There are 2 protein chains.
Amino acid sequence: MKEEEIREKVKKALSPSRFAHVEGVVHTAARLAARYGADEQKARLAAWIHDWAREWPVSRLEETAAALGIDRSLFGPVAVLHGPIAAASLEREFGIADDEIADAVRYHTTGRPGMTLLERVVCLADAVEPGRAYPGVDRLRQLARQDLDLALAEMFDATLRDLLDRGRPLAVLTVLARNECWERIRARGAR
Amino acid sequence: MKEEEIREKVKKALSPSRFAHVEGVVHTAARLAARYGADEQKARLAAWIHDWAREWPVSRLEETAAALGIDRSLFGPVAVLHGPIAAASLEREFGIADDEIADAVRYHTTGRPGMTLLERVVCLADAVEPGRAYPGVDRLRQLARQDLDLALAEMFDATLRDLLDRGRPLAVLTVLARNECWERIRARGAR
């Protein structure tokens, strides 16, 4: 499927405000990919598709995740399943057979240990695209231009603090991704 | 080994200030055990022994953990190994063959998912014994008298926030223990 067709298919699956967010992520992911040397075209495709299942009702997310054999314990709350579901549907729905794009879609909400450059770019773009508005987003946008690891580390920290404040479960994938970011930053400083 | 002998053996292994902390944990663990219906004698024994290896040098902790086959990835920072090491040494060093006491010693720093009542009592006692002084400890002491689950949940949250603030790794065991505490509290509220 061509990028324009993917865009139209995603547009049909989402509310206008969510689609505007997706357009922001595509733009930002392409910019970050160029900045940090990731594959720009793959970043755009992953960004177009990342929220394709984001507005499905809970029952459809749960049934599809079960049918696809997705490990629920890994991803936590049901809303997070839209990533792994879109990743697992990539070839059937969009004609894309590419593990790098699939993983960038699969882990865009939670992150994971051992994230590829493409995964980091898409995950961060999702958090800092121009439509996002939350305390600290301007600082993250600035960091995103300067230091991918540090921006991701602070983004994960902010996510975890928010979940702590709201008494929500912390995703183990996010905790491990966050620990690894800070470890990489420390190791870099020690060089 | 009798409780008095265990006390003397632990006293020899620790600085006076650390031993005072241990005495505080014994006192508090016994009180919490009585309050919540855990085995008071087991709580006292676990409390006496929990910090036995706490002042070992890093090299000794690392060598002993390796010799005992302790899974480092589970416990994180080297300092946390004093719990699993004391637990694994319980029978040889103290003549105690009791899995419940061993687990209360093993997980007293990190917690874990599926904590027993005894584990929860010892873990919380370690955090709120009278010698502890940190922001929020008075609130935790008050909660500890009223609601074991809630006190533990808030204790884990405070630990995780502190680790986030200091850029230190979050232990997965603590994250899972914390998620479970809040889940139990929510389930209780829904009854």
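Contact, in these exercises, means heavy atoms within 4.5 Å. The model is predicted: local features need pLDDT of at least 70, side-chain atom pairs count only at pLDDT 80 or more, and totals for chains, interfaces and linings use all residues. Residues are numbered from 1 along each chain as its sequence is written, chains are lettered from A in the order in which they are written, and side-chain values use heavy atoms, with hydrogens and water left out.

**Exercise 1. A helix in chain A**

Task: Find the buried residues of helix α10 of chain A, and say what covers them.

Solution: 
- Start with the terms. Helices are DSSP runs (H or I, at least four residues), numbered from the N terminus. Buried means under 20% relative accessible area, exposed over 50%, and partly exposed in between (1.4 Å probe, protein chains only).
- Locate the helix. α10(A) spans residues 137-146, and its buried residues are A:V137, A:L140, A:R141, A:L143 and A:A144.
- Look down the axis. These buried residues fall within an arc of 165°, so they line one face of α10(A). The arc is that of the directions from the helix axis to the C-beta atoms.
- Recall the helix geometry. An α-helix has 3.6 residues a turn, so residues three or four places apart point the same way.
- Find the cover. It includes α2 (16-36), α9 (117-128) and α11 (148-165) of chain A.

**Exercise 2. A helix in chain B**

Task: Describe the buried side of helix α4 of chain B, then the face turned away from it.

Solution: 
- List the buried residues. In α4(B), residues 58-68, they are B:L61, B:T64 and B:A65.
- Check the arc. It is 100°, so these residues line one face of the helix.
- Turn to the other face. It carries the exposed residues B:E63, B:A66 and B:A67.
- Name the cover of the buried residues. It includes α5 (72-75) and α6 (82-88) of chain B.
- Step past the helix end. Just after α4(B), B:G69 takes a positive phi of about 70°.

**Exercise 3. A loop glycine**

Task: Place A:G76 in its chain.

Solution: 
- A:G76 sits in the loop between α5 (72-75) and α6 (82-88) of chain A.
- The relative accessible area of A:G76 is 32%, so this residue counts as partly exposed.
- Now compare sequence with space. A:G76 and A:P169 are 93 residues apart in sequence, but 7.5 Å apart from C-alpha to C-alpha.

**Exercise 4. Two salt bridges within chains**

Task: For the pairs A:E100 with A:K42 and B:D147 with B:R188, say which parts of the chain are joined.

Solution: 
- A salt bridge is a side-chain nitrogen of Lys or Arg within 4 Å of a carboxyl oxygen of Asp or Glu.
- Take the pair in chain A. The side chains of A:E100 and A:K42 meet at 2.8 Å, N to O. A:E100 is in α8 (99-106) and A:K42 in α3 (40-49), 58 residues apart.
- Check accessibility. A:E100 is partly exposed at 41%, whereas A:K42 is buried at 19%.
- Take the pair in chain B. The side chains of B:D147 and B:R188 also meet at 2.8 Å, N to O. B:D147 lies in the loop between α10 (137-146) and α11, and B:R188 in α12 (172-190), so the pair ties together parts 41 residues apart in sequence.
- Check accessibility again. B:D147 is buried at 16%; B:R188 is partly exposed at 31%.
- Return to chain A for a network. Salt bridges link A:R120, A:D147, A:D149, A:E180, A:R184 and A:R188.

**Exercise 5. The two chains together**

Task: Relate chain A to chain B, then describe their interface.

Solution: 
- Superpose the copies by least squares on the C-alpha atoms of residues with pLDDT of at least 70 in both.
- Compare the surfaces. The same one serves both copies: 100% of the contact residues of chain A recur in chain B.
- Count the residues. Chain A gives 17 and chain B gives 17.
- Give the area. The chains bury about 1,400 Å² between them, 56% of it on carbon and sulfur atoms. Buried area is the accessible area (1.4 Å probe) that two parts lose on being put together, summed over both.
- Look for charged pairs. Two salt bridges cross the interface. One of them joins B:R161 and A:D165 at 2.8 Å, N to O.
- Name the elements. On the side of chain A that touches chain B, α11 and α12 (172-190) give two or more residues. α12(A) gives the most, with seven residues.
- A:D165 is exposed at 56%, and B:R161 is partly exposed at 30%.
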